[in-house]
Structures are given as C-alpha cells and as structure tokens.
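Please examine the sequence and the three-dimensional structure shown here. The paragraphs that follow proceed from helices to strands, and then to individual residues.

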Amino acid sequence: PGSKVVMYDMGNKTGSFNTEISLVTAERKQLRHNALEAARVATNKYLTKQLGKLGYRLKIRVWPHHIMRENPLATGAGADRYQTGMKKAFGKPIGRTARVKANQKVMTVYTSEENIVTAKEALYRAKMKLPNRCLILVEKVVTPNA
C-alpha cells in the first residue's frame, strides 16, 4: 500500500532560521502513516495561519517504510472448511508504519527566535495526533554576532 504522507518538507525551504524546535518520541513505537499525515496537516495548517508561508520550515524526520500485514479470519457458516488458521499465515498488506526509537525526532520546525511559542503550540497539536508520548524540545537558539 502507498503512504498517505504526501510531503516531508514544507514552508520556506531556502530561508535561514536561528531556532530549531523538535517533536521527540519518549518511547519505542510504530507510527502509522495516517497518524503522521494527520500530525503534519495539523502542524502545517497552524504554522501557515500564524506565521505565513515564509515564516517557518517544517520537516518530517521519519519515513513509513514498514508494511503492516494482517491474517484475516473468515467467520460464518462453512468458514472452517477453507481456512487454515495460523498455518502459513503471511497476511495481506493493510498499511505502512514508521518504527521509531526512544528519543528520536519525528518532526522539526525551523523558525526565528520570536516564534518559539507558536512553533511549540503547533507541535503540541501534532503530539495529540500521535499514539505515543512525545516531548517538545527547543534544540538550538543561535543568535548572530552583532
């Protein structure tokens, strides 16, 4: 099956920003592609509304490459005649996931120093769409020498 995540890099890709805010996982999990897409849409929509298209850069750091499979079991009359149970149960593909480790970055927002609160709120909205516990970390604040 194809991935529902359509873009991995959004916003102003050529701008220089001095702050990096990341959404970091707190535990090992599998993130489904539709959960990643929902988090991306929520974050991108909020950032575009608050900062405009040139005020940020959003980058998705994980790729849903692992294929999930399920072994569907038939129910009803006569199902036991053609079913093999778990014998040779390879399963049919039902979706894709990204396997993430603890303390791995899921998405990162690059912006200027005065927009840290807005970027944190956007990543908080993304955090609500994901199934695992996440932390929001301000990675670096680089002030240019005057």
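Which residues in helix 1 meet which residues in helix 3? The model under discussion is a predicted one, and in it A39, T43, Y46, L47, Q50 and L51 are the residues that helix 1 brings to this contact. From helix 3 come T118, A119, E121, A122, L123, R125 and A126. Sorted by class, the contact between helix 1 and helix 3 comprises eight nonpolar, three polar and two charged residues.

The arrangement of these two helices may now be described. Helix 1 covers residues 33–51 and helix 3 covers residues 116–127. Their axes lie 8 Å apart, and the helices pack at an angle of about 155°. Helix 1 is therefore roughly antiparallel to helix 3, because an angle over 145 degrees is counted in that way. The crossing of helix 1 and helix 3 is right-handed.

One residue of this contact can be followed in detail. T118 belongs to helix 3. Is T118 buried or exposed? Its relative accessible area is 18%, so T118 is buried, the limit for that term being under 20%. When neighbours within four places in sequence are set aside, the contacts of T118 are Y46, L47, Q50 and L51.

Attention now turns to the strands. Strands of a sheet pair through backbone hydrogen bonds, and the pairing may be parallel or antiparallel. In this model, three strands form an open sheet in the order 3-6-5, with antiparallel pairing. Strand 3 and strand 5 are the edge strands, as each of them pairs on one side only. From one strand to the next, the twist averages 50°.

Each pairing within the sheet can be traced through its bridges. Strand 3, residues 29–32, pairs with strand 6 in the antiparallel sense over four bridges. In this part of the sheet, K29 stands opposite V100 of strand 6. Strand 5, residues 66–70, is joined to strand 6 by five bridges, and these two strands also run antiparallel. M68 stands opposite G95 in strand 6, while E70 stands opposite K92 in strand 6. Helix 1 packs on the sheet, where it touches strand 3 and strand 6. The direction of helix 1 makes about 70° with that of strand 3.

Strand 6, residues 92–100, includes P93. How accessible is P93? With a relative accessibility of 44%, P93 is classed as partly exposed, because that class lies between the limits of 20% and 50%. Leaving out neighbours within four places in sequence, P93 is in contact with P1, I67, M68 and R69. P93 and V138 are 45 residues apart along the chain, and their C-alpha atoms are separated by 38 Å.

Although N103 is not a glycine, it has a positive phi of about 65°. Its relative accessibility is 59%, so N103 counts as exposed, the limit for exposure being over 50%.

Terms used: Residues numbered from 1 in each chain as written. Predicted model: local features only at pLDDT ≥ 70, side-chain atom pairs only at ≥ 80, totals over all residues. Heavy atoms only, no water. Axes fitted to C-alpha atoms, helices over the stretch in contact; angles between N-to-C directions. Parallel < 35°, antiparallel > 145°, perpendicular 65-115°, else oblique. Left-handed = near helix turned anticlockwise from the far one by under 90°. Contact = heavy atoms within 4.5 Å. Nonpolar A, V, L, I, M, F, W, Y, C, P; charged D, E, K, R; others polar. Buried < 20%, exposed > 50% of the residue type's maximum accessible area, 1.4 Å probe, protein only. Pairing = 2+ DSSP bridges.
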